[in-house]
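Colleague: I've just opened this one and could use a hand reading it. Can we go through it together?

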Amino acid sequence: MLVYLIRRLSQAALVVAVMGTIVFLSMYAIGNPIDLLAAQDASDAEKAELARQLGLDRPIWEQFLIFAGNAMRGDLGKSFVYNEPTLRLILQRLPATLELALTALVFSVALGIPLGVYAGLKPDSWMSRTIMSGSILGFSLPNFWIGLMLILFFAVELKWLPASGRGETVDLLGVPVSFLTWDGLRHLFLPALTLSLYKAALVVRLARAGTREVVMQDYVRFARAKGLSYRRIVLVHVVKNMMIPVVTVLGLEFGSMIAFAVVTETVFAYPGMGKLLIDSINRLDRPVIVAYLMFTVLLFVIINLIVDLIYAAIDPRVRLVEAKG
Amino acid sequence: MKAIIISALAATIPFAAASGAASAQDLRIGLASEPTSADPHFHALAPNFALAKHVFEPLVGMDESQKLIPNLARSWKTLDDLTWEFKLQPNATFSNGQKVTPRDVIYTYCRLPFVEGSPANLAFTLKNVVSIEGKGDDTVIIKTSAPAPLLPNNLASPGIISADVFGGGKNIKFKVGGCEDFGNNPKPVEFNDPAKAIGSGPYKFVEFTRGAQIVLERNDNYWGEKPIWKKVTMKPLTNSGARVAGLLAGDVDIIETPSIQDFDRIKGAGFQIAQALSNRVIYIQLDQFNDPNWKSPGIKGTDKNPLLDKRVRQAMTMAINRQGIVERIMGGVAAPAGELLPWPMFGSTKDFPIPKYDPDAAKKLLADAGYPNGFEITLGTPNDRYINDEKVAQAVAQMWTRIGVKTNVDAMTASTFFTRRTKFEFSAFLAGWGSGTGEISDSLLSLSVSLTPSKGIGTTNRSRYSNPKVDELVLKAIETIDDKTRESLLQQASKLVADDVGIVPLHFEVTPWAFKKGLGYKARADQYTLAMSVTQGPSN
């Protein structure tokens with residue numbers, strides 16, 4: 001297990017280093033931030049002075065070495081626009097995005113698993129057919145469109161829920177969270193639902209396939225023969241076993257929900273990391289873009305690792321193989 | 001853990017319930033772009049200036065049409081060509097009750113060039129200033145090295161901060177390049193702390209949470225006329241669709257720049273729209289660099305640069321149907337332009353002629369200039385910077401193609417566009433210019449005066465149009481104190497540029513605001529959204 005962990009970690013470090021290089025260098029292909037930052041009537045001398053302050057007057061390899069050196073020490077630079085450490089900017093936005101992604105995850109599991117298991121247990125009923133066709137919609141409708149429709153219906157027409165922003169926050173262990181206030185929940189509902197629909201559709205499909213596979217297994221038949229209640233068979237034997245692929249996929253999808261909630265956050269003007277990324281791209285705030293992408297890479301690497309560990313916890317066979325290997 | 005959550009819940013329920021309904025004295029604003037800092041001197045950027053005006057008042061104010069009005073200074077005049085005297089309001093106080101003194105003014109101006117990490121500081125407002133001194137407790141004397149008629153316009157930008165709160169030196173003395181006994185120079189982040197961000201304005205900071213909201217509270221000690229709104233919440237809703245949805249859903253009461261396409265829907269839902277002609281002109285620059293070694297990058301079908309011929313430029317401006325662009329592409333929310341600033345702003349001319357749309361005459365001019373079969377040109381444009389920028393460029397391209405100048409549009413995101421423009425990569429490009437001072441001198445100095453990096457003038461004249469007569473007139477104007485003479489010089493210069501077709505003005509943008517019934521907004525040329533200008537009941 002330890003060898004496995006070390007091997008995984010060194011692979012991860014390599015991925016982070018390669019990504020860092022690519023991201024940093026590619027930032028230089030998309031325009032000069034000085035032209036956007038400086039006042040519109042700034043003279044060339046003023047622009048040169050600004051470039052000097054930001055370190056943009058140095059040759060690119062020198063800039064890269066400075067960046068790489070600082071990054072090793074965990075310093076990803078300061079934002080050009082806000083003059084604050086980029087990591088702090090990202091971490092300030094992290095609770096909002098985490099909250100959104102977690103809520104969406106809860107929604108997709110709460111919606112997806114019961115529907116998927118039902119469809120798996122009774123594959124031929126008309127309800128199951130409806131669920132399955134519904135999941136196709138969940139897959140194929142674009143995220144931003146769903147968001148816009150939800151806004152139009154629930155916010156603009158019915159005026160039940162707010163259309164944009166994040167609600168009232170309270171500090172929970174020093175972290176501002178909004179899911180503990182009524183206002184915060186109201187603001188959270190629509191974006192989380194938007195973000196969750198695609199995943200819910202995915203979960204429905206996985207859960208259905210998993211359930212159908214599991215009910216055919218010998219241990220389920222044995223349980224039935226033993227005279228266990230239907231409830232117990234489904235909840236313990238079927239659901240627990242079909243969760244394995246669901247957990248794997250959800251783990252990865254959770255990462256993508258955190259890193260790429262960009263569209264949903266933009267449509268709902270939700271102040272998360274995705275919106276920070278879009279704003280930074282528009283302003284060519286290179287350090288923030290680079291830091292964000294580095295953060296994302298790290299996030300995925302960690303999530304992958306955790307998924308592997310959970311996987312081992314759920315499935316004894318994986319544990320056995322790892323123990324041998 | 002559970003106990004913490006429950007107690008947190010219990011604590012927040014009454015709070016949350018209270019925050020649900022907005023009281024009649026609350027105003028919620030949806031911003032199109034977010035200020036980058038609460039520090040009024042951090043970034044010379046319109047959203048920052050607009051926010052600062054609520055909390056930190058400058059010496060000089062500007063009304064809706066950017067006409068100068070008293071603010072912290074009740075009056076100002078020149079003692080001689082190089083000396084200005086500003087008289088402070090006798091009763092002006094900061095929100096902590098302290099009087100605004102010349103020392104605060106000097107402290108503020110001393111800080112301008114030295115704001116930590118500023119991407120574009122406000123030092124330009126003190127151009128040519130050599131000394132600033134306090135006289136008594138209500139007079140500030142400013143001396144300049146050359147006549148600076150625009151000093152009051154410039155001083156309408158930097159908000160005055162309190163020297164005592166931030167620990168400014170007791171005997172601070174202004175000096176170019178660094179003041180004596182300056183004292184503490186606050187970091188920009190310190191202004192996020194409402195206890196420190198003390199100004200003399202009608203509002204006080206309550207909260208500045210980047211990306212989420214800015215909350216202001218009425219300054220009940222305000223020395224001037226108190227605004228009607230007790231609490232103002234500004235939410236950055238940078239996506240135009242989200243902004244309009246937020247307004248229609250009742251999340252916010254007033255929004256900046258709803259997109260033209262949404263006007264019918266907004267009006268249909270019972271909301272209102274206020275508009276003001278802005279100080280921003282949308283123009284096209286045509287490469288006029290007269291250098292034997294220069295090959296204009298975007299021109300094909302001829303070896304020479306046809307744009308150097310005035311007849312060609314005339315043909316190209318006459319080929320454009322400005323009225324058509326305004327009506328069909330801008331939905332009527334713009335005004336055709338003949339010069340760089342709309343009447344009645346300073347230096348503009350009433351009924352300035354707008355180039356007549358006449359494609360036949362344009363073709364004839366092209367033939368006279370030796371291009372009966374036209375030529376090919378590429379028109380560069382940003383596609384996310386100005387209202388409908390790419391669509392306007394497409395329309396112009398069609399109009400030029402109609403007279404035989406086959407035009408390709410090269411549209412790109414603003415960041416790439418500005419970088420390429422700086423490197424002279426366009427033979428023709430579309431862009432916009434807003435006059436920060438509200439005077440045409442600002443526009444002429446940046447767009448039409450010969451590009452002279454050593455003097456820092458003509459910085460955005462990327463066509464490299466050059467007419468010594470224009471240079472002379474503008475440079476003379478910006479050192480002429482007398483308003484009448486200056487205005488006349490600027491009008492002459494603007495006319496010369498138009499006669500040369502040195503630049504091709506297209507239209508002036510109109511800035512819209514949309515708000516719920518029962519409100520009014522005094523729409524402003526500088527595009528600022530000020531809570532002080534939002535009225536209850538229709539304005540006008």
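This is a predicted model: local features need pLDDT of at least 70, side-chain atom pairs count only at pLDDT 80 or more; totals for chains, interfaces and linings use all residues.

Colleague: How many residues does the contact take from chain A and from chain B?

Modeller: Two residues are in contact if their C-beta atoms, placed from the backbone, lie within 7 Å. Here, chain A gives 49 residues and chain B gives 44 residues.

Colleague: Which helix gives the largest share on chain A's side?

Modeller: Helices are DSSP runs (H or I, at least four residues), numbered from the N terminus. On the side of chain A that touches chain B, α7(A) has the largest share, with four residues.

Colleague: At what angle do α7(A) and α8(A) pack?

Modeller: Axes are lines fitted to C-alpha atoms, for helices over the stretch in contact, and angles run from 0 to 180 degrees between N-to-C directions. α7(A) and α8(A) pack at about 145°, and their axes are 9 Å apart. Among the residues making this contact are A:Leu150 of α7(A) and A:Leu193 of α8(A).

Colleague: And how is chain B divided?

Modeller: Domain bounds come from an automatic or database domain assignment. Chain B has domain 1 (8-39 + 201-271 + 516-536), domain 2 (57-185) and domain 3 (277-509). The centres of domain 1 and domain 3 of chain B, taken over C-alpha atoms, are 37 Å apart. Their contact takes five residues from domain 1 of chain B and six residues from domain 3 of chain B.

Definitions and conventions
Residues are numbered from 1 along each chain as its sequence is written. Chains are lettered from A and ligands numbered from 1 in the order in which they are written. Helices (H or I, at least four residues) and strands (E, at least two) are DSSP runs, numbered from the N terminus.
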